[in-house]
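Here's a quick briefing on a protein chain you can turn around on your screen. Have the structure open as you read, and follow along piece by piece.

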Amino acid sequence: MSTPDAHQDLDQDQVLIVEDEPKIARLVADYLQGSGFTSHHLDHGDAVLPWLEDRPTRPELVLLDLMLPGTDGLTLCREIRQRWPAVAIIMLTARVEEVDRLLGLELGADDYICKPFSPREVVARVRAVLRRSRAASSPADGSSDLILDEEGWRALADGRDLGLTAVEFKLLKVMMHSPGRIFTREQLMDHMYRDHRIVSERTVDSHVKKLRRKIAEAWPEREVIRSVYGVGYKYQPEE
Ligand code: CA
């Protein structure tokens, strides 16, 4: 799980917009500002990492265009995720079909928005992603009492051991580490087995089903593992 410390150097409500189309950047910036956010705009991929490095604090979220002059959005997403894991990332892409490919690349973005988009939609998605990442960074606020005991390979719901198998534990662990992020079955298989040639995607479904059943026994009224139709699964304690 991420720790509250990981969020200490974040600039609350600040969004970095990385977008080479000035009109789009300006429109998004205006809407964000109108909704109480501050934003900074960069229009070249090469400027992003130096800008983030040079600041005493990081923006809470980066809106990252995929196609940029200089360093591309894919590379930037990976770098930001690795170096500043607490910074949320929403990728902007020109085509819906791109999203499937991006999910397959396992970049670690928190969400994807397809162009053309309405600035209102962007603000709504920014809010949703920030709500999720803030909730994930402070488990003490009561948003989730599901705890991973990583050394003991156990998961505890309100202190009660769920009795997970090793595979179920690994599944839950990878999803809980990135709340709200959608994982494809293929990605989950990579985390479950060293060599997943021996298993099918249906195997993932069956493990997820058992995992959900065990969580449901502890919390009949709450759903934390959600299916995303046609894509895969995500861990999301609240909608
Ligand atoms: Ca672009």
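Two strands pair if DSSP finds at least two bridges between them. Helices (H or I, at least four residues) and strands (E, at least two) are DSSP runs, numbered from the N terminus. What you're looking at is a predicted model, where local features need pLDDT of at least 70, side-chain atom pairs count only at pLDDT 80 or more, and totals for chains, interfaces and linings use all residues. Residues are numbered from 1 along each chain as its sequence is written, and side-chain values use heavy atoms, with hydrogens and water left out.

**The chain as a whole**

- The protein chain has 8 helices and 11 strands.
- Of its 239 residues, 47% count as buried; buried means under 20% relative accessible area, exposed means over 50%, and partly exposed is in between (1.4 Å probe, protein chains only).
- Take the contacts (heavy atoms within 4.5 Å) between residues at least 6 apart in sequence: 61% of them join residues at least 24 apart.

**The parallel sheet**

- Strands of a sheet pair through backbone hydrogen bonds, either parallel or antiparallel.
- Here, 5 strands make an open sheet with parallel pairing, in the order 2-1-3-4-5.
- Strand 2 (38-42) and strand 5 (111-114) are at the edges with a single partner strand each, so one side of each has no neighbour in the sheet.
- On average, neighbouring strands of this sheet are turned by 25 degrees against each other, direction ignored. For angles like this, axes are lines fitted to C-alpha atoms (for helices, over the stretch in contact), and the angles run from 0 to 180 degrees between N-to-C directions.
- Ile17 has His41 in strand 2 as its bridge partner.
- Helix 1 (residues 22-34) lies across strand 1, strand 2 and strand 3 (58-65), and runs at about 160 degrees to strand 1.
- Helix 3 (residues 73-83) lies across strand 3 and strand 4 (88-93), at about 175 degrees to strand 4.

**Asp65, a residue with a label**

- UniProt, in an unreviewed entry, gives Asp65 the feature "modified residue: 4-aspartylphosphate". UniProt positions are given in the numbering used here, feature names are shortened, and annotations may be inferred rather than shown by experiment.
- You'll find Asp65 in strand 3.
- Is Asp65 buried or exposed? Its relative accessibility is 3%, so Asp65 counts as buried.
- Leaving aside neighbours within four places in sequence, Asp65 is in contact with Val18, Glu19, Asp20, Gly73, Leu92 and Lys115.

- An open sheet of 3 strands, with antiparallel pairing, has the order 9-11-10.
- Strand 9 and strand 10 are its edge strands, each pairing on one side only.
- From one strand to the next, the twist averages 35 degrees.
- Helix 6 (residues 166-176) packs on this sheet and touches strand 9, strand 10 and strand 11, with its direction making about 70 degrees with that of strand 11.
- Helix 8 (residues 201-218) packs on the sheet too, touching strand 10 and strand 11, and its direction makes about 145 degrees with that of strand 10.
- Strand 9 (residues 182-184) and strand 11 (residues 232-235) run antiparallel and are joined by 3 bridges. Ile182 stands opposite Lys234 in strand 11.
- Strand 10 (residues 225-228) pairs with strand 11 in the antiparallel sense over 4 bridges. Val228 has Gly232 in strand 11 as its bridge partner.
- How many residues lie between strand 10 and strand 11 in their hairpin? There are 3, and Gly230 in the turn has a positive phi of about 80 degrees.

**Rings**

- Searching the whole structure turns up 1 aromatic pair. Rings of Phe, Tyr and Trp (its six-membered ring) pair if their centres lie within 6.5 Å; planes under 30 degrees apart count as stacked, over 60 as edge-to-face and the rest as tilted.
- The ring centres of Trp153 and Phe169 are 5.3 Å apart and the planes are at 35 degrees, so this pair is tilted.
- Trp153 counts as partly exposed at 41% relative accessibility, while Phe169 counts as buried at 1%.
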